[in-house]
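Have the structure open beside the text as you read.

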Amino acid sequence: MNSITKIIKEHFACVDSTNNRAALQAEKLKEGELLLITADQQTAGRGRFGHYWLSPNKMNFYGTFCFLFDNKRMDAGNLPQILAISAMDALEKKNVSVQLKWPNDLLVNGQKIGGILTEAKATQRPGWIYVIAGVGLNINMPIELIKTIDRPATSLMIEIGKSSEIEIIGENLQQIFIQDLNLFITSGISPFLNKYKEKMFHQLGEKICFHTAGKILEGEFQGINEAGLLKLQLPDGTRSEFSYGEIF
Ligand code: BTN
């Protein structure tokens with residue numbers, strides 16, 4: 001599959017969700033093109049597992065990357081991890097230290113600063129799927145609004161004590177992601193594994209509670225394998241690997 005060589009950007013004042021908007025436009029894309037939809041505000045921002053994503057006007061970054069991906073590749077499931085690494089690098093340009101909670105949550109001091117929602121869509125073109133990869137980064141959201149989120153969360157402004165230009169962070173993210181995506185297209189996840197492992201929030205051997213396929217499992221976090229899957233040691237000593245789920 002060819003690298004991304006052309007970027008098409010569209011910015012909206014208000015959308016329901018940038019992922020929904022990207023899905024409407026996906027069919028127009030050709031191989032090698034990447035669509036980036038951004039918005040000042042989302043009225044129905046979506047998170048993983050049906051969560052709502054708080055998206056007030058002109059406070060945060062809300063964006064979705066959409067592109068064709070070879071449907072024969074078995075590693076499309078790593079794309080959210082690649083986007084999480086790109087988003088981490090874009091935030092770290094602002095002097096904040098970000099950690100990754102498997103598979104693709106961005107945390108600062110254990111609190112969520114950003115997340116990724118990736119969806120795939122079948123296409124009319126044989127051999128391809130569309131990837132719709134949305135990223136939300138809490139940039140200038142004040143503490144009063146952060147407190148309304150039902151889980152520990154933060155924003156860049158809370159962490160560094162000053163507001164930042166959302167457009168500049170978006171521009172950096174776009175550049176970093178195109179580079180990372182092109183490396184992933186040619187070489188897969190292996191060039192990213194060391195960085196991902198270094199930046200993992202959970203420590204090896206840490207007890208975690210893991211929710212997958214309707215089950216809640218408790219076990220020891222054993223890091224990730226060479227395909228980016230979560231490794232968990234269960235209380236009976238057996239080891240399992242997971243491609244999907246959420247650590248509590
Ligand atoms: C998560 O639950 O961690 C994923 C959050 C993803 C939010 C972003 S904001 C831009 C894009 N549009 C959406 O509706 N969701 C994603």
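The report below goes from the ligand to the residues around it, and then on to the strands and hairpins. Please keep in mind that this is a predicted model.

## The ligand and its shell

Let us start with the ligand. The shell around it counts 19 residues, and Ser-17, Gln-42, Arg-46, Arg-48 and Lys-112 are the ones that come nearest. Sorted by class, the shell holds four nonpolar, eleven polar and four charged residues.

| Protein atom | Ligand atom | Distance |
|---|---|---|
| Ser-17, polar side-chain atom | oxygen | 2.7 Å |
| Thr-18, polar side-chain atom | nitrogen | 3.1 Å |
| Arg-48, polar backbone atom | oxygen | 2.7 Å |

How much of the ligand's accessible area does the protein cover? On its own the ligand has 410 Å² of accessible area, and the protein covers 98% of that. Two or more residues of the shell come from each of these elements: helix α1 and strands β3 (61-70), β6 (111-122) and β7 (128-137). Strand β6 gives the most, with four residues.

Is Gln-42 buried or exposed? The relative accessible area of Gln-42 is 7%, and the cut-off for buried is under 20%, so this residue counts as buried.

The side chain of Gln-42 has polar partners within the protein too. One of its polar atoms lies 2.8 Å from the backbone nitrogen of Thr-18, the residue whose side chain also has a polar atom 3.1 Å from a ligand nitrogen. The side chain of Gln-42 also makes a polar contact of 3.0 Å with the side chain of Ser-55. Leaving out residues up to four places away in sequence, Gln-42 touches Val-15, Asp-16, Ser-17, Thr-18, Trp-53, Ser-55 and Tyr-62.

## Ala-23 in helix α1

Helix α1 spans residues 18-25 and includes Ala-23. With a relative accessible area of 22%, Ala-23 is partly exposed, because that value lies between the cut-offs of 20% for buried and 50% for exposed. Beyond residues up to four places away in sequence, Ala-23 touches Lys-121 and Ile-132. Ala-23 and Tyr-130 are 107 residues apart in sequence, yet their C-alpha atoms are 8.5 Å apart in space.

Strand β4 (residues 99-101) and strand β5 run antiparallel and are joined by three bridges, with Lys-101 paired to Asp-105 in β5. The hairpin between β4 and β5 passes through three residues.

In a regular strand, side chains alternate between the two faces of the sheet. Strand β5 (residues 105-108) has Asp-105 and Leu-107 pointing one way and Leu-106 and Val-108 the other way, and all are buried.

Strand β5 also pairs with β6 in the antiparallel sense, over three bridges.

Strand β8 (residues 207-212) pairs with strand β9 (residues 215-224) over six bridges in the antiparallel sense, and Phe-210 stands opposite Leu-217 in β9. Two residues lie between the strands in the hairpin of β8 and β9, where Ala-213 takes a positive phi near 45°.

Strand β9 is joined in turn to strand β10 (residues 230-233) by three bridges, and these two run antiparallel. Glu-220 stands opposite Gln-233 in β10, while the bridge partner of Ile-224 is Leu-230. The hairpin of β9 and β10 has five residues between the strands, and Gly-228 takes a positive phi near 85° in it.

Methods:
Residues numbered from 1 in each chain as written. Predicted model: local features only at pLDDT ≥ 70, side-chain atom pairs only at ≥ 80, totals over all residues. Heavy atoms only, no water. Buried < 20%, exposed > 50% of the residue type's maximum accessible area, 1.4 Å probe, protein only. Contact = heavy atoms within 4.5 Å. Near = heavy atom within 4 Å. Polar contact = N/O pair within 3.5 Å; in protein donor to acceptor, adjacent residues only side chain to side chain. Areas by Shrake-Rupley, 256 points an atom, 1.4 Å probe, with all protein chains shown as cover. Nonpolar A, V, L, I, M, F, W, Y, C, P; charged D, E, K, R; others polar. Pairing = 2+ DSSP bridges.
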